[in-house]
Amino acid sequence: MSGSNIACANTLVRGMEKEVSLLRADLDRTRQGVGLEESSPELKKLMEENTKLQHRLAILQRACANLEPSNDSASMSSSGSIIGDLQHAFDGAIRKAYPDLNVPCVIAISSMAKFGDYQCNSAMNIVQQLKQQSAAKTTPREVAEKIVRALTNHEAFIEKIEVAPSGFINIFLSKVYVEQGVMNLLKNGINPPTLKKQRVIVDFSSPNIAKEMHVGHLRSTIIGDSICRFLEFLRHDVLRINHIGDWGTQFGMLIAHLQDKFPHFQTESPPIGDLQSFYKESKVRFDSDEAFKKRAYECVVKLQNGESSYLKAWNHICDVSRREFQNIYDRLDVKLCERGESFYQSRMVAIVDELKQGGFLEEDDGRLIMWGADRKGIPLTVVKSDGGFTYDTSDMAAIKQRIVEEKADWLIYVTDAGQATHFQTIFACAKRGNILDMQKHRVDHVGFGVVLGEDGKKFKTRSGDTVKLADLLDEGLKRSMDKLLEKERHLVLTAEELRDAQESVAYGCIKYADLSHNRNNEYVFSFDKMLEDKGNTAVYLLYAYTRIRSIARNCGGDYATNIQKVIDSATMRLEHEREWKLAKALLRFADVMLLITKNLSLHYLCEFVYEICTTFSEFYDSCFCIKKNKEGKIIEIHESRVLLCEATSRVLGRCFDILGLKPVDKM
């Protein structure tokens, strides 16, 4: 069959899939519960039409598959994911056993070892579809057995398959497959699953000039940085944007105050030590002195007109803030590209003209507003009644710039959950305005809950002020040092090693406490809980990693100085059940990466890391790696187990890097 015929068939399939999708949406809107088909003729008709379309779609998909050249040697997925490999194999078996159905292949991790390592749970869905088609009656077990009989090219990674009476297909992995998988980690590194490379822009942190970063910026900065690290590991082209507030009316009062307090600022750099106090002073004057307020507004106009002395004053103020921000970012090891609101000023004029010409703006009480296609919620205010622009305008201009100039495929905004409605509206309007094409572009608002104090209320100082981020980090350093001294680590570590351990624990515990919680929820900030060395905390994980890293060193010889030489000549053998459990857990790394790609929730990675450490602890308690005689001399080294330790440390090291944690060799 020619390439044009294949393309034509694929086009038919896509059209059919869209039709099925629309019908499903109609079904969802019509259905209010289960079993209403008989009482609702409309619903019954929709369901019958949906079943017929699915049948036709399955036939078309099968025809397209037959047109494509087959390659049995490449039948396994190249994702590096166990679930991906299993889905590839079982999806083929389902299509072969039931070619007229369109059923998703559902693979899940087994909850108990006796039910295997993984399960295929598609049989029940198939039975339901067959029932809708009035096919011959069959049971989930019979369906599952038919799928298993259709399974091919699976012996390399599946040791055994069992079918449960309820239709679950229990899958037991091959030991050779797992052993080779661990050796592959050691020989070729911890590589990401194979995905299409995309240009991704992540907008996070976003403090305001002339205001100190506070605990409210903590989550956006930590979550945003970790998402960037994750996407960079997946080999995407990532641009980290810091969309700072560096424009607006407040700069008029700041410039006017600067002129009064430091009249020689154009020739001498103004010694503004505390910009927060400087801001408060100018705000007091702005609120109480009408003459000052008038002059402040005049300063805004002159700044916006680009007068040089006002631009210089503005730059002085911005530079002071930048230095303070950068100090925080350096401490947290966060890299960002600043792109403030000022960057979009000319682009806002252009986007307003574009939206006007497209007929997307409506007049409302002197304002120009814009609705999404469904006209739900609150419209954007694109132009204020006084002719000024708003955050809505700059956000629309930013989307346009990122799509057109930066060639972005994927836009991610990391802000508090309270802005969810705003971003829903922004995305809807950008879509309606033909700026965003949802077939080409992915957009995500990564929302998060607020940080609470131990009293369950919004995190504040004792005096009720917002907690400054610099003060929070200082407190973390103090408490982590207290913890290290309590454990007498200063007696065995050098001063430099102690300082490295202090920073690793302090910043690591703050980051991990944030990332280990589901970002959609609030979480309680507690140094006492963060610094516990038991449970799912950074301290426990960092200590575990340091202990694992020491095992190869303690073996001496090539294990300590050139472990890659040992790896290149070794053969992995998994004999004990604890070895087997740990190895299988390590190979789930790619599955966790693929899961996070869908939802951008890093707590799944934290759960994985904690599982690895607890599983390692079980392994280490049951399986010796090094045997010593009474004199302490090494008499036996269990090579496979030492290499399993090395694989564990490498997987953990990669996970720590994504989470922004910095482990140390000695703690």
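Ground rules. I am working on a predicted model, where local features need pLDDT of at least 70, side-chain atom pairs count only at pLDDT 80 or more, and totals for chains, interfaces and linings use all residues. Residues are numbered from 1 along each chain as its sequence is written, and side-chain values use heavy atoms, with hydrogens and water left out.

Entry, pairs. I find 16 aromatic pairs in the structure. My criterion for Phe, Tyr and Trp (its six-membered ring) is centres within 6.5 Å; planes under 30 degrees apart are stacked, over 60 edge-to-face, the rest tilted.

I looked up Phe262 and Phe278. They form a stacked pair, 6.5 Å centre to centre, with 20 degrees between the planes. This pair links distant parts of the chain, 16 residues apart. Phe262 sits in the loop between helix H8 (250-261) and helix H9 (275-288), and Phe278 in helix H9. I take helices as DSSP runs (H or I, at least four residues), numbered from the N terminus. Both Phe262 and Phe278 are buried, meaning under 20% relative accessible area (1.4 Å probe, protein chains only).

Next, Phe616 and Phe619. I note a tilted pair: 5.6 Å between centres, 55 degrees between planes. Both lie in helix H23 (residues 603-622), three residues apart, about one turn of the helix. Phe616 is buried at 1% relative accessible area; Phe619 is buried at 0%.

I also log one aromatic cluster, formed by Phe233, Phe589 and Phe608.

Entry, charges. I count a charge as over a ring if NZ of Lys or CZ of Arg is within 6 Å of the ring centre and within 35 degrees of the ring normal. Arg347 lies over the face of Phe343, 4.2 Å from the ring centre. Arg641 has its charged end over the ring of Phe624, 5.2 Å from the centre.

Note on methods: Helices (H or I, at least four residues) and strands (E, at least two) are DSSP runs, numbered from the N terminus. Buried means under 20% relative accessible area, exposed over 50%, partly exposed in between (1.4 Å probe, protein chains only).
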